[in-house]
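Here is a short note for a first look at this entry. Please keep the structure open while reading the points.

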Amino acid sequence: MIKKVQANEVRLGMYIHQIRGNWMEHPFWRKSFKLIQQKDLDKLVSCNLEEIWIDTSKGLDVVKTIQVKNPDGVDSDILPQSIKKPVARVSVEEELHVAKIIQNKAKEAVAAMFDDVRMGKALEIEEAKSLVNEINQSMERNPNALLTLIRLKNVNEYTYMHSVAVCVLMVALGRHLGLSEVQIKQAGTAGLLHDIGKMVIPNEVLNKPGKLTDEEFTIMKSHPVRGWEILKSCYQVHETALDVCLHHHERVDGKGYPEKLSGDALTLFARMGAVCDVYDAISSDRCYKAAWSPAEAIRKMASWKDGHFDESIFQAFVKTVGIYPSGTLLKLQSGRLGVVIEQSTKKLTTPIVKIFFSTRANAHIPAEIIDISKGMDSIESLEDPVKWGFDLNKIQGI
Ligand SMILES: [Fe+2]
Ligand SMILES: [Fe+2]
């Protein structure tokens, strides 16, 4: 029998049928093998793999866990409870290198999946799941790297890059909300797939530079249902992805589409999807409008007090990306200009900023990273990078 087992249940003599997870993080090049060497077992246990499947017709089965009494009378299992490795926090600069690779791989995977759908092929989402795992691990090391990179979008690749961005935001928000690892990955996969229905919308409507006519808008608004139909036909897709795909344009006041659901009829994941989707859409350059800066996007969304979003989810989202999200240009009391590179763990209003320009001297100054929460300076105003003519990406090293 083929069965899924926990890493802490694997023992010598088992026949490994399949390992699922990030291929870069485990040393096994064979798909199936009998586990006979202790060093292979040690490697397998230390790799933090997503899924391990064994074939009990070719090797040993799982040992039943036996309950024993500790001397203090508390029941405990004789097998180790958890083998999850603690993940070391790294600097945003360090994580950016890995995050760029992950973002590129994710973009390519989304493009391939979406192209398959456009050509009427069956949807394969195994690679997508493994990428969501990598995104989650990057967030664990330092969430600011991917949250910085998702702003980088080429207008022509918007739908793909937006899907990756919504995935990253869903993972970040899920982590902030304290969801389980399984739920975080489901939320991320849902983000990656939420706009898949756009692949069956005609290009002239999808990429129209001007305002859509009523008829075109009706076609565009069919993408949640079209996407749901595509995902429904794929047996590997979890219910969460179907839900977010169908309901990410619903609003808590019932004025969204396609089903005009409101209040409690919307699941946690649908509410999360709605916030992440709008934030990324309005903070991205589109063929018909320029982007709002991340801080402006947060302010605009906060001003929509008419039941657009679930209030508590929106507040959690603001705590996730910050009032001054990464990439925001700030003028400080000292007259220096700096770009936000990281959120402070202490306060939302005191981010970590890379300063690079003096408005008093009207000249560049040596770049320096300062933590506003340590009272080294304070924020005077939000500034428009376009007005100043700065390439903030270059200053941030991305
Ligand atoms: Fe959408
Ligand atoms: Fe979207």
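1. Start with a term. A cavity here is a set of grid points where a 1.4 Å probe fits but cannot get out. The model is predicted. By this rule it holds 2 cavities of 30 Å³ or more.

2. Take the largest cavity. Its volume is about 110 Å³. The lining has 14 residues, and Leu147, Ile150, Tyr279, Val321 and Pro325 lie nearest the centre. Helix H4 (143-149) and helix H11 (268-282) each supply at least two lining residues. By class, the lining splits into 7 nonpolar, 4 polar and 3 charged residues.

3. The second largest cavity contains about 50 Å³ of space. Its lining includes His247, Glu250, Arg251 and Asp310. H11 contributes the most to this lining, with 3 residues. The classes are 5 nonpolar, 2 polar and 4 charged.

4. Now the metal site. Which residues coordinate the iron ion (ligand 1)? They are Asp195 (OD), His223 (NE2), His248 (NE2) and His249 (NE2), at 2.1 to 2.3 Å. Along the chain, these donors follow the spacing D-x27-H-x24-H-H. The arrangement is irregular because the 4 donor atoms subtend angles of 87 to 175°.

5. Asp195 deserves a separate look. Asp195 bridges the iron ion (ligand 1) and the iron ion (ligand 2), which lie 3.4 Å apart. Asp195 sits in the loop between helix H6 (181-193) and helix H7 (203-206), and His248 in the loop between helix H10 (239-247) and H11, so the pair ties together parts that are 53 residues apart in sequence.

6. Are these two buried or exposed? Asp195 has 1% relative accessibility and counts as buried. His248, at 2%, also counts as buried.

Note on methods:
Residues are numbered from 1 along each chain as its sequence is written. Chains are lettered from A and ligands numbered from 1 in the order in which they are written. This is a predicted model: local features need pLDDT of at least 70, side-chain atom pairs count only at pLDDT 80 or more; totals for chains, interfaces and linings use all residues. Side-chain values use heavy atoms; hydrogens and water are left out. On a 1 Å grid over the protein atoms alone, a cavity is a set of points where a 1.4 Å probe fits but cannot get out, and a pocket is an open set with protein on both sides within 12 Å along at least five of seven lines; lining residues have an atom within 4 Å of a point. Grid points are joined across faces, edges and corners, and a volume is the space filled by probe spheres set on the points. Helices (H or I, at least four residues) and strands (E, at least two) are DSSP runs, numbered from the N terminus. Ala, Val, Leu, Ile, Met, Phe, Trp, Tyr, Cys and Pro count as nonpolar, Asp, Glu, Lys and Arg as charged, and the others, Gly among them, as polar. Donors are N, O and S atoms within 2.8 Å of the metal (3.2 Å for Na, K and Ca); water is not among the atoms, so sites may look incomplete. Four donors count as tetrahedral if all angles lie between 85 and 135 degrees; four count as square planar and six as octahedral if opposite donors are over 155 degrees apart and all others between 65 and 115; anything else is irregular. Buried means under 20% relative accessible area, exposed over 50%, partly exposed in between (1.4 Å probe, protein chains only).
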